[in-house]
Amino acid sequence: MDQGPGLRYQPFYCEENAWWLCADPALGPGARHVVFLVSRAGRCPLLHQHAAPPGRLIAWDYHVVVVDGQGRVWDQDSRLPLPSPGVTWLDATFALAERLPAIYAPRLRVIPAEAFRASFASDRRHMRDRRGHFQHPPPPWPTIGEGMNLARYLDPAAPRPGQVFDLAAARRWLSGLAS
């Protein structure tokens, strides 16, 4: 399934979508980054996601987007334009963040795309229920890498991989990319 002209996309597999997307020529020139959206609560509330009714929050356990060399965010699960200017996307997606308990404060783990593509692995075990059935249909492409290392990207307290930003630092970072 595609989300955008010629882009690979499978609902509920944002980390795999990002793995493919960050290598896509459609993103244009410049350094690309994969961004994991997480929180200390293990639930990250976002607005404008297709999986929620318009105007309603959805609390993903995590979400993954790609930032291109011009500071635009490619969020294939968002109702916002694809791509969106980074700060515009950030402000719209987290418009209610200050009203939520601090444990839900978003943290953005920013990883250079080349490093992510070289090291990420998912055998999709996190998408299976206790009986081994997929909770959501898997993508038609093969699994990525060998084994499973998704957990290393999800702890907002871990210093690596990449850098972890709060919303203010993420806004400064995205503003710098766009200028």
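## Reading the model, feature by feature

Biologist: What sort of model are we reading, and how are its residues numbered?

Modeller: It is a predicted model, in which local features need pLDDT of at least 70 and side-chain atom pairs count only at pLDDT 80 or more, while totals for chains, interfaces and linings use all residues. Numbering starts from 1 along each chain as its sequence is written, and side-chain values use heavy atoms, with hydrogens and water left out.

Biologist: I always look at cysteines. How many disulfides turn up?

Modeller: A disulfide is called when two cysteine sulfur atoms lie within 2.5 Å. Here the search of the whole structure finds zero. Cys14 has the sulfur of Cys44 as its nearest cysteine sulfur, 11 Å away. For Cys22, the nearest cysteine sulfur is that of Cys14, 13 Å away, and Cys22 is in no disulfide.

Biologist: Is Cys14 buried or exposed?

Modeller: Cys14 is buried, with a relative accessible area of 8%.

Biologist: Now the sheet. How do I read the order of its strands?

Modeller: Strands are DSSP runs of E with at least two residues, and helices are runs of H or I with at least four, both numbered from the N terminus. Two strands pair if DSSP finds at least two bridges between them. In this structure, six strands make an open sheet in the order S6-S5-S4-S1-S7-S8, with antiparallel pairing.

Biologist: Why does one side of S6 and of S8 lack a neighbour?

Modeller: S6 and S8 stand at the edges and have a single partner strand each, so one side of each is left without a neighbour in the sheet. At the S6 end, two bridges join S5 to S6, and these strands run antiparallel. Arg72 stands opposite Pro85 in S6.

Biologist: What should I look for in the backbone angles?

Modeller: Most residues other than glycine have a negative phi, and most peptide bonds are trans. Two cis peptide bonds to find are Leu82 to Pro83, with omega about -5°, and Arg160 to Pro161, with omega about 5°. Pro83 sits in the loop between strand S5 (72–74) and strand S6 (84–85). Pro161 belongs to the loop between helix H3 (113–119) and strand S8 (163–165).

Biologist: How is empty space found?

Modeller: Rolling a probe the size of a water molecule over the atoms shows where empty space is left. On a 1 Å grid over the protein atoms alone, a cavity is a set of points where a 1.4 Å probe fits but cannot get out; a pocket is an open set with protein on both sides within 12 Å along at least five of seven lines, and lining residues have an atom within 4 Å of a point. Points are joined across faces, edges and corners, and the volume is the space filled by probe spheres set on them.

Biologist: What is the volume of the largest pocket, and which residues are closest to its centre?

Modeller: Its volume is about 270 Å³. Of its 15 lining residues, Phe12, Trp60, Asp61, Tyr62 and Met127 are closest to the centre. Helix H1 (14–21) and strand S3 (58–60) each give at least two residues to this lining.

Biologist: And the second largest pocket: what is its lining like by class?

Modeller: Ala, Val, Leu, Ile, Met, Phe, Trp, Tyr, Cys and Pro count as nonpolar, Asp, Glu, Lys and Arg as charged, and the others, Gly among them, as polar. This lining has seven nonpolar, no polar and four charged residues, including Leu90, Phe94 and Arg171. The pocket holds about 180 Å³.

Biologist: How many cavities of 30 Å³ or more are there?

Modeller: The search finds one. The largest cavity is about 50 Å³, and H1 gives the largest share of its lining, four residues. Cys14 is among the residues that line it, as are Val64 and Trp74.

Key. Buried < 20%, exposed > 50% of the residue type's maximum accessible area, 1.4 Å probe, protein only.
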